[in-house]
Amino acid sequence: MRHANLHLAAAAALLCAGTAQAVDLGLNTKINIGVNAETSLTEQFRALDANDDGVITESEAEANTSLASMFETYDKDNSGTLTSAEYKASLRAEADQSLTEKATAGAKAGYNETKEAAGKAAGAVKSGAKAGYEASKDAAGAVADKTKAGISATADAAAGLANDSRKAAAASANVGVELSSKLAAQFRNLDGNEDGVLSRSEASADADIESNFDMADDNDDGLLNKAEFKVAAKARAESGLLNGVFGGLFGS
């Protein structure tokens, strides 16, 4: 019987290799596996088929420890012999499994490296985002402060313009209006901001004027100019609710 000292697992791995590698079968012959796998498998089968009858028996398989241990698995039809097709198909299946295991291991290693790199990248992005957020927050705060200051300044300016405009309007409305000395003094006392008109809050300091505020506010602007104030004062005097105080002022 010819002797074939070939480790089948190694042969299966080499079967999928992309480069030619020589396997010594102990027959003074080196067979290339990888580049011409079909030829190599055929020659391996012939090396194990001691009597050249086209099949490998269990006794022939004993020449190779690995093949002997896998004989029943390779013998798909349970005939007690291995045909060339069974032998080649089994070796190819082992090669495929070996290749799959290596690919899986490589993919797992690659995944772990990628995961670690992704974790580091995510940490860097998170740190950068946090720093960017803090910077943006500070910048936004500074802008908000400036905006607030600008709004306040604008509001103050607008209030100033409104007050100036109101004074101008009051001055225009008060042209030609004559008040007695007592009414003039009363008007000045009520006109706290000296804008030439009385607001409702200013008029509230005098119950008599406040009670006639709406009636005297001829233009419905919420203010009493001197002419309107005079109407309010005269109305209270004429009603007799001031106990004759305003009656003397107007000579009636």
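**Figure 1. Secondary structure and overall composition of the predicted model.** The chain of this predicted model contains eleven helices and six strands. Of its 252 residues, 30% count as buried. Contacts that join residues at least 24 apart make up 47% of those between residues at least 6 apart in sequence. The chain exposes about 15,100 Å², and carbon and sulfur atoms supply 54% of this area.

**Figure 2. Confidence along the chain.** The mean pLDDT of the chain is 77, and 79% of the residues score at least 70. Among the elements, strand E3 (residues 55–57) has the highest mean pLDDT, 94, whereas strand E2 (residues 30–33) has the lowest, 45. The pLDDT is below 50 over residues 1–6, a stretch with 29 contacts in the model beyond near neighbours in sequence. Over residues 18–35 the pLDDT is likewise below 50, and this stretch has 43 contacts in the model beyond near neighbours in sequence. Where pLDDT is low, predicted coordinates should not be read in detail.

**Figure 3. The largest nonpolar core.** This core comprises 14 residues, of which Leu179, Leu198, Ile209, Leu224 and Phe229 touch the most other members. Helices H6, H9 and H10 (226–239) each supply at least two of the core residues. The greatest contribution comes from H6, with four residues. Leaving out residues up to four places away in sequence, Phe229 touches Leu179, Leu183, Gln186, Phe187, Leu190, Leu198, Ile209 and Leu224. Another core, of eleven residues, lies apart from the largest one; Leu41, Leu48, Ala61 and Leu67 are among its members.

Figure 4. Helix H6 spans residues 181–190, and its buried residues are Leu183, Ala184, Gln186, Phe187 and Leu190. Viewed down the helix axis, these buried residues fall within an arc of 160°, and therefore line one face of H6. The face turned away from the buried side carries the exposed residues Ser181, Lys182, Arg188 and Asn189. Among the buried residues of H6, Leu183, Gln186, Phe187 and Leu190 are in contact with Phe229.

**Figure 5. Surroundings of Asn212.** Asn212 occupies the loop between helix H8 (207–211) and helix H9. The relative accessibility of Asn212 is 12%, so this residue counts as buried. A polar contact of 3.4 Å links the side chain of Asn212 to the side chain of Ser211. When neighbours within four places in sequence are set aside, Asn212 is in contact with Ala232, Ala235 and Arg236.

**Figure 6. Asp52, a residue with positive phi.** Most residues other than glycine have a negative phi. Asp52 is not a glycine, yet its phi is positive, at about 55°. The residue belongs to the loop between helix H2 (37–48) and strand E3. Because its relative accessibility is 56%, above the 50% cut-off, Asp52 counts as exposed.

**Figure 7. Asp220, a further residue with positive phi.** Asp220, which is a residue other than glycine, has a positive phi near 55°. Asp220 is placed in the loop between helix H9 (213–216) and strand E6 (223–224). With a relative accessibility of 66%, Asp220 counts as exposed.

Note on methods:
Residues numbered from 1 in each chain as written. Predicted model: local features only at pLDDT ≥ 70, side-chain atom pairs only at ≥ 80, totals over all residues. Heavy atoms only, no water. pLDDT = per-residue confidence, 0-100. Contact = heavy atoms within 4.5 Å. Buried < 20%, exposed > 50% of the residue type's maximum accessible area, 1.4 Å probe, protein only. Areas by Shrake-Rupley, 256 points an atom, 1.4 Å probe, with all protein chains shown as cover. Polar contact = N/O pair within 3.5 Å; in protein donor to acceptor, adjacent residues only side chain to side chain. Arc of directions from axis to C-beta. Core = buried A, V, L, I, M, F, W, Y, C linked by side-chain atoms within 4.5 Å.
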